[in-house]
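Here's a quick tour of one protein model for someone just getting started. Have a look at the picture first, then read on.

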Amino acid sequence: MIIRTMKASDWEDVSRIYSEGISTGLATFETTAPSYEQWDKAHTKECRLIAEKDGEIMGWAALSPVSSRCVYGGVGEVSVYIADKSRGMGVGRLLMQHLIEESEKAGFWTIQSGVFPENIGSIKLHKKVGFRYIGKRERVGKIHGVWKDNLLFEKRSNKVGMD
């Protein structure tokens, strides 16, 4: 398996994998995958990664800015999605390890994730790669008319933002 930079031509597979995550009801408040143009605008230009094996995209990871305010310029929100048939194979761990490295190269001092409490696999993944649990945001949003809590995890760089 290789980790490489995402290209616009990967969008069909990225969107399909995102839709698979949406269909679980455990991955996001979104209910449909956006267009590439919407997705591209919402995510940083750096830190867009693909996990690929034998020409097949197994998963992806990317960062979104947490705010347009300049004081949050070094803080990114993590998205990581694994294809249904690639789950449980270490794809998420490998993507997250590379995303952490790439985020530091791009100057991010903190990356964070909001995870549904029911998404045990994502919680375990975040802990494995060094994220720490910050707290629970109760009833922070609705999906299909149901209020959901969101667990906040963060990883602070020990290389960036230390001065």
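Predicted model: local features only at pLDDT ≥ 70, side-chain atom pairs only at ≥ 80, totals over all residues.

Residues are numbered from 1 along each chain as its sequence is written, and side-chain values use heavy atoms, with hydrogens and water left out.

- pLDDT is the predictor's confidence in each residue, from 0 to 100.
- The protein's mean pLDDT is 94, and 97% of its residues reach 70 or more.
- Among the elements, β2 has the highest mean pLDDT (98) and β6 the lowest (95).

**The sheet**
- A naming note: helices (H or I, at least four residues) and strands (E, at least two) are DSSP runs, numbered from the N terminus.
- β1 and β2 run antiparallel, joined by four bridges, and Ile3 stands opposite Ala51 in β2.
- β2 and β3 are antiparallel too, with six bridges; here Leu49 has Ala61 as its bridge partner in β3.
- The β2 and β3 hairpin has two residues between the strands, and Asp54 takes a positive phi near 50° there.
- β5 (residues 110-115) and β7 (residues 146-156) run antiparallel with six bridges, and Ser113 stands opposite Phe153 in β7.
- Five of the six residues of β2 are buried, so β2 is largely enclosed by the rest of the structure (buried means under 20% relative accessible area, exposed over 50%, partly exposed in between, with a 1.4 Å probe and protein chains only).

- A nonpolar core is a set of buried Ala, Val, Leu, Ile, Met, Phe, Trp, Tyr and Cys residues joined through side-chain atoms within 4.5 Å.
- The largest one has 24 residues, and Val78, Val80, Leu95, Met96, Leu99 and Phe131 touch the most other members.
- α3 gives the most to this core, with five residues.
- Leaving aside neighbours within four places in sequence, Met96 is in contact (heavy atoms within 4.5 Å) with Val78, Val80, Leu125, His126, Val129 and Phe131.
- A second, separate core of 13 residues includes Val14, Ile50, Ile57 and Ala62.

- Thr44 is in the loop between α2 (36-42) and β2, and it is buried, with a relative accessible area of 10%.
- The side chain of Thr44 reaches the backbone oxygen of Glu46 at 2.6 Å.
- Arg139 lies in strand β6 and has a positive phi of about 45° although it is not a glycine; Arg139 is exposed, at 51% relative accessible area.
- His144, in the loop between β6 and β7, has a positive phi of about 55° without being a glycine, and His144 is exposed at 67%.

Definitions and conventions:
Pairing = 2+ DSSP bridges. Polar contact = N/O pair within 3.5 Å; in protein donor to acceptor, adjacent residues only side chain to side chain.
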